[in-house]
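Work through the exercises below with the model open. Try each task before reading its solution.

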Amino acid sequence: MPVNRHTQIIVSPFGPRAWPPGFHRGVDLRTVIREPFKQLFIVAPENIKIIKIGWQDKWGGNIIARGLDSGYKLKFIHVKEADGLAEGKTVETGTIIARPVTTDYMKERNFWQHLHFETWGPVKPFDPVKYFDERGIKYEYK
Ligand SMILES: [Zn+2]
């Protein structure tokens, strides 16, 4: 979690990067298994409260939530929210909150489908692998 598989596959890490240029404020997590093909979903990695649900034509939907166990702010980007999800709603760990979205804008730029996941302290984002370590979530870099 947040991708509903045992081990999170990090395809782009947190920090400065060459492409797209700039500081990557989260990690990109693979959201498909290719052989046999399986579409994965986005699930609540802990009990969360939904703060905001939004949409951008370029980058798809985004969900901002508060971790009720960790206290962190969590951001899920390039998603379409699950039916019934709404701002202000509390969601239990492991519940499906969204499915991944790849917009035409992303496809044209050869972005593979992924979840962009951010974890925020009081003022700034930090490397989500710290969050994974704190919560015993397994991950690997590809
Ligand atoms: Zn990203």
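Predicted model: local features only at pLDDT ≥ 70, side-chain atom pairs only at ≥ 80, totals over all residues.

**Exercise 1. The pairing of β13**

In which sense do β10 and β13 pair, and over how many bridges?

Step 1. Start with β10. It pairs with β13 in the antiparallel sense, over five bridges. Here K75 stands opposite E118 in β13.

Step 2. Go on to β4. Four bridges join β4 to β13, and the two run antiparallel. R30 stands opposite H114 in β13.

Step 3. Take β14, residues 125–126. Two bridges join this strand to β13, again antiparallel. T119 stands opposite F126 in β14.

Step 4. Trace the link between β13 and β14. A hairpin of four residues joins them.

**Exercise 2. The cover on β13**

Is β13 mostly covered or mostly open, and how many of its residues are buried?

*Solution.* Count the C-beta neighbours of each residue; 20 or more within 10 Å make a residue buried. Six of the seven residues of β13 pass, so the strand is mostly covered.

**Exercise 3. The largest nonpolar core**

Which residues of the largest nonpolar core touch the most other members? Then assign the core to its elements.

*Solution.* 

Step 1. The core holds 23 residues. I42, I63, F76, V79 and L115 touch the most other members.

Step 2. List the elements that give two or more residues. They are β4 (27–30), β8 (48–56), β9 (60–67), β10 (73–81), β12 (96–100), β13 (114–120) and α2 (128–135).

Step 3. Find the largest share. It comes from β10, with four residues.

Step 4. Leave out residues up to four places away in sequence. I42 then touches P2, V3, F76, V79, I97, A98, R99, P100 and L115.

**Exercise 4. The whole chain**

Why does a radius of gyration of 14 Å agree with a compact globule?

*Solution.* 

Step 1. Take the chain length, 142 residues.

Step 2. Read the extent. The C-alpha trace spans about 35 × 30 × 30 Å along its principal axes.

Step 3. The chain has two helices and 15 strands.

Step 4. Check burial. Buried residues make up 31% of the 142.

Technical notes
Residues numbered from 1 in each chain as written. Core = buried A, V, L, I, M, F, W, Y, C linked by C-beta atoms within 7 Å. Buried ≥ 20, exposed ≤ 12 C-beta atoms within 10 Å, placed from the backbone. Contact = placed C-beta atoms within 7 Å. Pairing = 2+ DSSP bridges. Rg over C-alpha atoms; globule rule 2.2 N^0.38 Å.
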